[in-house]
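Subject: Structure for your review

Dear colleague,

Please find below the structure that I am handing over to you.

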Amino acid sequence: MKRSVFGLLSAVMILIFVLATGAQAALELTEAESAFLATLDYAEAEKDLRVLVEEIGTRVAGTEAEKPAIAYIEGRLKEIPGLEVTLEDFVVNTTPSADLILDGKAYSAGAPDNNQYYLGWGSAEGEPILITDPAGLDPQTDLSGKIAFFLGNTRVATNWETKEKTVVHPATYEAITKLAAMKPEAIVVIFDFNTEETERYQLRVSRPSLTDLTLPDEIAAIGVDIPLISVNRFAYEDILAIVGEKTDAIVPLGTTAAVATRPYTKTQNIIGLKKAAEPTDRTIYVTSHYDSVLASPGANDNGSGVVMMIAIARAFAEVETDYNIAFIAFGAEEIGLKGARQYVSDLTSSGEIENAVANYNMDMIATSQEDCQYIFMNSSVDKDAPVDSIKLETYVTAISRLAAKKVDFDLDYYHVIYDTTTDHYAFHEAGVPAVEYDWRANLEGDAFEAYYHTYYDDIEHNFSLDRLKLQGDIIALAIYMDATGN
Ligand SMILES: [Zn+2]
């Protein structure tokens, strides 16, 4: 295709230019570029991050708990002059979703895997109770009218070095089986996945989700009409505060709990469109995903990308551009790039994809973990090409490198790798030059921070404002140069 030939030629030309200028000769920022970078408001970005991570918290796709995040991002984009903000609804039929509402407060919840219909789907309401010791509970107990919570001790963990996955503690299955026989309205398994400091390099918890459990057959016979969900450590902390010192076999957790499970995920993309100075159909896509995994409040993954995307949109408010720019917060990335795939498939069916200039995608751009000192650009151009191969370059990676050079980022710490695991890949597959940015811990590019997808992906443990600025300036400058032709 014409675009890719042009892309490669431009990439090579820019690269030759960057390399020929050498390490010592500084590439100067233009006055306009410096002025643009000075308008990036990182204090506002950090404020946005605190809202997403500390006020809203875990944002699993399709849950009630992610809705405040959607509303917040939509509201922030609507404040930006000249942005036309729309929401796109979409449904993922292959992934189940679940909610817990405990006395009015919504928590992200995990649902059983779609392929394992061992317990019922649907909604239930009841009086929330904690079963402190399911094994010791009298089997004759009648749990009708109750939503039964208990602390599951099943742990799904991945060995950091061998990548081996372990699932232990069949006691959780036994407890589900036993409680289901007492006919509660629903069962809530609490997973207190606690990656201790000492073991954080060895054990990385993947998903505190029932998806990873293989339950024994007998459960299918007992509890077909009883919804079963899992909740995370954040819900557990709230529940512990209610329970306090009580050690009764059954501890009341409040007045009402509502549980919902559904075999699909319904969520939204948030789109803010900025029009070019002169009417055109040509559009640059600046993207990030706002959903998180159930284990995590998603500070670096990917609150960081979302708040930078908003900051860049804000900085462009006063800039006249050659292309339209669509600033997009995608939903459902963590369950398979679903929001991006939905959006790109819309562009493809409407023919708009032909006018797509580029995709700049931010995902995990502000970890504070010290050894994550390398910026990696993910391109998906050549599966067999090693890190930093010229074969991985497109004009978007080349322009990013040029931007890095202009802001004096040491190019020894700036790399390109083949990667298909984030939203940029949906654009790449459709033939659009696409790049994603993150920080990694080694030159092979195969290690993220140890807090990735864990409870500790919060502002205290896994966010650096300096790192956000380093990546943010480079990405914003690359988009600026592309969008203004400078
Ligand atoms: Zn992510």
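In what follows, axes are lines fitted to C-alpha atoms, for helices over the stretch in contact, and angles run from 0 to 180 degrees between N-to-C directions. Helices (H or I, at least four residues) and strands (E, at least two) are DSSP runs, numbered from the N terminus.

This is a predicted model, in which local features need pLDDT of at least 70 and side-chain atom pairs count only at pLDDT 80 or more, while totals for chains, interfaces and linings use all residues. Residues are numbered from 1 along each chain as its sequence is written.

Overall content

The protein has 13 helices and 19 strands. Of its 486 residues, 51% are buried, a residue being buried if 20 or more other C-beta atoms lie within 10 Å of its own, exposed if 12 or fewer, and partly exposed in between, with C-beta atoms placed from the backbone. Among contacts with a separation of 6 or more, 82% join residues 24 or more positions apart; two residues are in contact if their C-beta atoms, placed from the backbone, lie within 7 Å.

The open sheet and the helices across it

An open sheet of mixed pairing is formed by 8 strands in the order β1-β13-β15-β14-β16-β19-β17-β18. Its edge strands, β1 (83-92) and β18 (414-418), each pair on one side only; two strands pair if DSSP finds at least two bridges between them. Neighbouring strands of this sheet are turned by 25° against each other on average, direction ignored. Within the sheet, β16 (residues 356-362) and β19 (residues 434-440) pair in the parallel sense over 4 bridges, and Asn361 has Glu436 of β19 as its bridge partner.

Helix α8 (residues 299-315) lies across β1, β13, β14, β15 and β16, and runs at about 145° to β14. Helix α13 lies across β14, β15, β16, β17 and β19, and runs at about 175° to β16.

Helix packing

Helix α10 (residues 395-406) packs against α13 at an angle of about 120°, with the axes 8 Å apart. The two helices are therefore oblique to each other: angles under 35 degrees count as roughly parallel, over 145 as roughly antiparallel, 65 to 115 as roughly perpendicular and the rest as oblique. Their contact is made by Ile399, Ser400, Ala403, Ala404 and Lys406 of α10 and Ile474, Leu477, Ala478, Met481 and Asp482 of α13. By class, this contact of α10 with α13 has 7 nonpolar, 1 polar and 2 charged residues; Ala, Val, Leu, Ile, Met, Phe, Trp, Tyr, Cys and Pro count as nonpolar, Asp, Glu, Lys and Arg as charged, and the others, Gly among them, as polar.

Helix α3 (residues 42-56) also packs with α13 (residues 465-484), at an angle of about 120° and with the axes 11 Å apart. Tyr42, Ala45 and Glu46 of α3 and Leu465, Leu468 and Lys469 of α13 make the contact, which divides into 4 nonpolar, no polar and 2 charged residues.

The axes of α3 and α8 come within 9 Å and cross at roughly 140°, which makes α3 oblique to α8. The residues of this contact divide into 11 nonpolar, 2 polar and 2 charged.

A further parallel pair

Strands β8 (residues 186-191) and β10 run parallel and are joined by 4 bridges. Ile190 stands opposite Val231 in β10. From β10 (residues 228-231), Leu228 and Ser230 point one way and Ile229 and Val231 the other way, and all are buried.

Yours sincerely
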